[in-house]
Amino acid sequence: MRECFNPDVYKKDWQYQEGDLTVTRTCQWSAPGCHQGCSILFYTDKDGKLVKVEGDPNSPVTDGRLCMRCLAMVEAVYHPDRIVHPMKRDRSDRGKDKWVQITMDEAYDLCIEMVKDTTEKYGAKSICTGAGTGRNATWQSNVLGHGAFGTPNDNAGLLAGNCCYTPRMQGMNAIFGNTFIADCGQLNEARFDHPEYRRPDLFMIWGNNPLRANADGFFGHWIIDCMKRGSKLMTVDPQVTWLSAHSELYLQVRPGTDAALALAIGHVMVEEELYNKEFVDLWCYGFDEYKERVADWTPERAAEICWVPAEKIVAAARLIGTAGVTTLQWGVAFDQNKWANGTAHAVALLQAMTGNIDNPGGFVCINFGYVQSDIRENVAKGLGPEVRKDRLGDDGNWGALNAIGKGGHAIPEAILHAAETGDPYPVKMLFLCSTTAFTNMAGQAKRVYDCYKDMDHVVICDLFMTPTAMAIGDLFIPMAMSCERNCVRGWYTPLRSIVKVTQTGEAVGDEQMMLELGKKMNPDLFYWDDVPEMLEFCTNNMATVPIHVTMDELREKVIIYPDFEYRKHETGKIRFDGQPGFNTLSGRVEFFCNMYNNVGMDPLPYFLEPPESPVSTPELFKEYPLVLTTGRRCWQYFHSEHRQLKSMREFHKWPMFAINPEDAAAAGVKEGMWCVIENSHGKAIEVAHVTDTMMKGVVSAEHGWWFPERDPEEPSLYGVFESNINCCTVQGDFGPSGYGSSYKTQLCKVYPAPEGYGETFEQQFADHYKA
Ligand SMILES: Nc1nc2c(c(=O)[nH]1)N[C@H]1C(S)=C(S)[C@@H](COP(=O)(O)OP(=O)(O)OC[C@H]3O[C@@H](n4cnc5c(=O)[nH]c(N)nc54)[C@H](O)[C@@H]3O)O[C@H]1N2
Ligand SMILES: Nc1nc2c(c(=O)[nH]1)N[C@H]1C(S)=C(S)[C@@H](COP(=O)(O)OP(=O)(O)OC[C@H]3O[C@@H](n4cnc5c(=O)[nH]c(N)nc54)[C@H](O)[C@@H]3O)O[C@H]1N2
Ligand SMILES: [Mo]
């Protein structure tokens, strides 16, 4: 496939000339943000200005593809709303557009003053840093916090119950002793031509929309590549997606009931002996207990809970049990469920029962290979254990896995509690870098806003003015886009170069900001002369996926694949002691999970109703008769980002919720109508999309919405509380592990917005976005 282009045009050199333009082959990550790191060609002119981008057809990672957001890169880089110089504002002017430009040195000095002031008055731990999701900015601010400010507390983005990947990751860690991902051949340079590789016969795509999301280092189009080679799909989702429309079997499930579904599928697989006996005998622990657990999980019982016909549950078991090589591609719906660990356990075990663990095309072990965490560990090497002392959430009150420090960060709920009550000590300064907390990440947005607006000091590191920065920021540090920073990309393998090709204003990359500010505060820790030197040290000292390469070599090679092997459990390559088996307490895949058992959690997979549901809160259900899932990903936006881009807004102008035609009719709601989505926690106003793809009885509302065209100042704050679905979610609804939230399992009612609502919006949009 990669050869279908003209090699005289698309060269393999890392940099070459095309007419007047310089072409640089590298990788785009963020900013603007997303989880993927697509191979890109940056075209710059003789003044060093970025003039266009293209996908790199010579890349085995993405084969020349780019999404619409990347294709709009030039628009993002030179956007007039972008902040490219540091700014400060008097604390008394919070919420007002009264920012004053300062120099970068003044910005760093002001930040240092704020840290000193907070430390003198309350101690350094009253400073919290916050980072967002897997952009190129997840580790820098927390290393800065630990190593320069002297605080153990990160995680001030307040993602309720750490409900993004952490529950699945820690779940896999407990059950399999490592992280596993679906194998689309992405781990070897030869991809589909690798002699050992074979495509999966069946993908179980569960609570995930990989084509839109490309989440956690997984590029959704790899599935299409596999489909072209014969892979079949089974999807589990309350809404029909493109992939479910192309599935052998599609199970439309009530949000939050996936565990019941999986237990019933497991029941049939056990009853009909549709599992890999050899694998279970040799490599699994606690299968008898599991059999007992699923014994009464008949398809009929689950059908009633999940709203999925029993015949389909039986069909799913037969499909999974007989397909051959199956793999699991799952999503954040697992995490945004209070019972996240029980749910992840239930579904991961279906995969284990097929025996497709660390085999070609199966669920493969990537040996914890997440380069960002490795880099963080390496930069922070000079820090002793005392940096953890008195970390918020370590007091054991925030769930069983959090109590044993599995999460590796301060606990969001403990931070919120401390900030609101001063218990066990107050939170007085925030350093928010790549997160907007109450615009998008945090549940119960208004509560978080009320709490954060009283901080003594708030530093924001971002690219654009955001509602959060406008509301509470005192200092704004402008951050660089991907094409403006030298860095590396790795989220699982391979390692890719990120090459700076241009500079805009004074914008700095997160790692550069960390190093510059870090040097001023703790030069012993931040001793490297520059970012490439620091990253070279880090990539060459990775504990998990060792790569020895200079930054110059990486830049020239563009992409480097570390060695990868299958069936590492057979060869002793994944256990800490070098013995065959898995890195769990029993050395096997744990159907009965010893780690869970030891901390007082249910050791077996289980289902419980979401805390708010037609079954668990029937009184509430009378008033709020629809199940509400939130945050379905869309092509145009990454969380609260990209709303500034006219091109994206033109494709997708307003916040939308999906509703089934029968439910819409009952609520008097029509296609395109502004409607109120309301529940006992609050409300958000979005536009109705009435569609047969949506399960009856369920509403799916978008997240992350604000409006750059609306009044920036208080109380509007770009309309941030108008269509913010996190006005309808809660904080602190985690499960026994400490993980999980109800972002995807609330109740709501829906009704048309008041007459005339939204009448001025189109005009306002047109005025703001005119050429
Ligand atoms: N374009 C874009 N890409 C993104 C992001 C973004 O904001 N925009 N965000 C990134 C981040 S941080 C993440 S975590 C990932 C998430 O990526 P995904 O895991 O794909 O997340 P969602 O789109 O929220 O949900 C996926 C599917 O789950 C379905 N669903 C909702 N509730 C349930 C449920 O209870 N059970 C089941 N089985 N399905 C359910 C939804 O209908 C949806 O089709 O995407 C990443 N990629
Ligand atoms: N209701 C509901 N809420 C959700 C979700 C849901 O499904 N439903 N999903 C949740 C999930 S899974 C997640 S992970 C969170 C994500 O939440 P966050 O990751 O906090 O995302 P944003 O709120 O968009 O904030 C990111 C900010 O970082 C800036 N930025 C982008 N790139 C860079 C960079 O390279 N450096 C720096 N310094 N800044 C950058 C952007 O401009 C933006 O303002 O949202 C959560 N919120
Ligand atoms: Mo996420």
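Residues are numbered from 1 along each chain as the sequence is written, and chains are lettered from A and ligands numbered from 1 in the order in which they are written. In this predicted model local features need pLDDT of at least 70 and side-chain atom pairs count only at pLDDT 80 or more, while totals for chains, interfaces and linings use all residues; side-chain values use heavy atoms, with hydrogens and water left out.

Me: What makes a space in this structure a cavity, and how many are there of 30 Å³ or more?
Reply: On a 1 Å grid over the protein atoms alone, a cavity is a set of points where a 1.4 Å probe fits but cannot get out. The structure holds 7 such spaces of 30 Å³ or more.

Me: How do you know the volume of the largest cavity?
Reply: Grid points are joined across faces, edges and corners, and the volume is the space filled by probe spheres set on the points. For the largest cavity that comes to about 500 Å³.

Me: Which residues count as lining the largest cavity?
Reply: A lining residue has an atom within 4 Å of a point. By that rule 40 residues line the largest cavity, and Arg 135, Ser 434, Asn 440, His 639 and Glu 641 lie nearest its centre.

Me: How do the residues of that lining divide by class?
Reply: Ala, Val, Leu, Ile, Met, Phe, Trp, Tyr, Cys and Pro count as nonpolar, Asp, Glu, Lys and Arg as charged, and the others, Gly among them, as polar. The lining of the largest cavity therefore has 15 nonpolar, 18 polar and 7 charged residues. At least three residues come from each of domain 1 (87–163 + 371–485 + 503–546) and domain 3 (618–768), with bounds taken from an automatic or database domain assignment.

Me: What lines the second largest cavity?
Reply: Its lining has 18 residues, with Tyr 165, Ile 181, Asp 216, Phe 218 and Gln 329 nearest the centre. Strand E8 (180–182) and strand E13 (326–330) are the elements that give two or more residues; strands are DSSP runs of E with at least two residues, helices runs of H or I with at least four, numbered from the N terminus. The volume is about 150 Å³, and the lining divides into 12 nonpolar, 4 polar and 2 charged residues.

Me: Why is a space called a pocket?
Reply: A pocket is an open set with protein on both sides within 12 Å along at least five of seven lines. The second largest pocket has a volume of about 900 Å³ and 48 lining residues, of which Asn 209, Arg 212, Gly 631, Arg 632 and Arg 633 lie nearest its centre. Helix H6 (210–213) gives the largest share of that lining, 3 residues.

Me: Which contacts does ligand 2 make with side chains?
Reply: An oxygen atom of ligand 2 lies 3.0 Å from a side-chain N or O atom of Gln 336, and an oxygen atom lies 3.1 Å from one of Arg 485. The protein covers 99% of the 920 Å² of accessible area that ligand 2 has on its own, by the Shrake-Rupley method with a 1.4 Å probe (for residues, only the protein chains shown count as cover).

Methods
Polar contact = N/O pair within 3.5 Å; in protein donor to acceptor, adjacent residues only side chain to side chain.
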